[in-house]
Amino acid sequence: PSLAAEAVASQPQLTTPGWDGSACPVDGTPALPVQPLLQTRPFALPVLACALLARSDKHAAAQEAQQQPRRTTQVHKPAISIACQLALSRRSQALAAAVNTLEQCVELVMRLRKEPGWDAGSLDPAGIRQVVARTLGDPTAAPVSPLSWLLHLAECLPQLQASALCLVDAAQKHGSVKVQSQLYAPALRATFVLAVLVPTALRVWLSRVQQQGLSAAEAQQAALRWLAEQLPGVV
């Protein structure tokens, strides 16, 4: 999961050229296929990373439990067995990999947020309706747009947040200071920032579809008002 998340996040191109109906730039360089990046479902990768961490943690706990009887029968603390050392090392590696997976996913969101059209601001009403219709009609054949990524992120957001909380708990129990420091920013963004960012962006798209004469700035303000109305029941 960690390597897959890194591979997706490091791609120079995340949306299909011309997804918004604009002319594709012709510079002699073939366009990279973007649809496979979305099909890997990168925002679901932290769940897989946490599952691998849970398996390694279970194995490490079993090895530690086998060490306990020896410690109670000897005056001096015995050396940890090789099997236990390996299990603890694998758990540390799994934790570091899971933290990196979450970090890469959050960085991917931050990159996508900078894409033109993240909140449909660059599109006219007809263009917005066309992008929405194509994306919802057949996601596998539609050009990959910021909306495509946004819908995938919204689908995986609860799992992404649960993964962040799982990693925070694991880092507090077994993580080094370095791992805990690395986890702080992505966990905070996953649990709080994305919880505001994603529904607000989707609300902007919805507002501009429903109200054709609404400008990008007006849709953004309407989305923020909607968000403010939702917060009292959540916070």
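1. Crossing of α1 and α4. This crossing is left-handed, a term for a near helix turned anticlockwise from the far one by less than a right angle, with clockwise giving right-handed. The axes of the two helices come within 8 Å and cross at roughly 20 degrees. Axes here are lines fitted to C-alpha atoms, for helices over the stretch in contact, and angles run from 0 to 180 degrees between N-to-C directions. α1 and α4 are therefore roughly parallel to each other. Angles under 35 degrees count as roughly parallel, over 145 as roughly antiparallel, 65 to 115 as roughly perpendicular and the rest as oblique.

2. Basis of the model. The model is predicted: local features need pLDDT of at least 70, side-chain atom pairs count only at pLDDT 80 or more, and totals for chains, interfaces and linings use all residues. Residues are numbered from 1 along each chain as its sequence is written, and side-chain values use heavy atoms, with hydrogens and water left out.

3. Residues between α1 and α4. From α1, S2, A5, E6, V8 and A9 meet A97, N100, T101, Q104, L108 and R111 of α4. Contact means heavy atoms within 4.5 Å. By class, this contact has 5 nonpolar, 4 polar and 2 charged residues. Ala, Val, Leu, Ile, Met, Phe, Trp, Tyr, Cys and Pro count as nonpolar, Asp, Glu, Lys and Arg as charged, and the others, Gly among them, as polar.

4. L3. This residue sits in helix α1. L3 is exposed, at a relative accessible area of 69%. The cut-offs are under 20% relative accessible area for buried, over 50% for exposed and partly exposed in between, with a 1.4 Å probe and protein chains only.

5. Overall make-up. The chain has 8 helices and 0 strands. Its pattern along the sequence is α-α-α-α-α-α-α-α. Helices (H or I, at least four residues) and strands (E, at least two) are DSSP runs, numbered from the N terminus. Of the 235 residues, 38% count as buried. Among contacts between residues at least 6 apart in sequence, 77% join residues at least 24 apart.

6. α4 against α7. Helix α4 covers residues 82-113 and helix α7 residues 177-210; they pack at about 40 degrees, with axes 9 Å apart. That makes α4 oblique to α7. The crossing is left-handed. Among the α4 residues that meet α7 are L95, V99, L102 and V106, and the α7 partners include L183, P186, L194 and L197. The residues of this contact divide into 13 nonpolar, 2 polar and 4 charged.

7. α6 against α7. This pair packs at an angle of about 155 degrees, with axes 9 Å apart. α6 and α7 are therefore roughly antiparallel to each other. α6 passes α7 in a left-handed crossing. The contact holds 21 nonpolar and 4 polar residues, and no charged ones.

8. The core. The largest nonpolar core has 49 residues, and F43, W149, L194 and W205 have the most contacts inside it. Such a core is a set of buried Ala, Val, Leu, Ile, Met, Phe, Trp, Tyr and Cys residues joined through side-chain atoms within 4.5 Å. The elements giving two or more residues to this core are α1 (2-9), α2 (35-39), α3 (45-73), α4, α5 (125-137), α6 (146-174) and α7. Leaving aside neighbours within four places in sequence, W149 is in contact with V8, L14, T15, L37, L38, P42, F43, L108, L112 and V144.

9. V131. This residue is in helix α5. V131 counts as buried, at 5% relative accessibility. Leaving aside neighbours within four places in sequence, V131 contacts W19, L123, S145, L147 and W205. The C-alpha atoms of V131 and V144, 13 residues apart along the chain, are separated by 9.7 Å.

10. Two loop residues. D20 lies in the loop between α1 and α2. D20 is partly exposed, with a relative accessible area of 29%. Its C-alpha atom is 8.6 Å from that of S122, 102 residues apart along the chain. R41 is in the loop between α2 and α3. R41 has a positive phi of about 50 degrees although it is not a glycine. R41 is partly exposed, at 34% relative accessible area.
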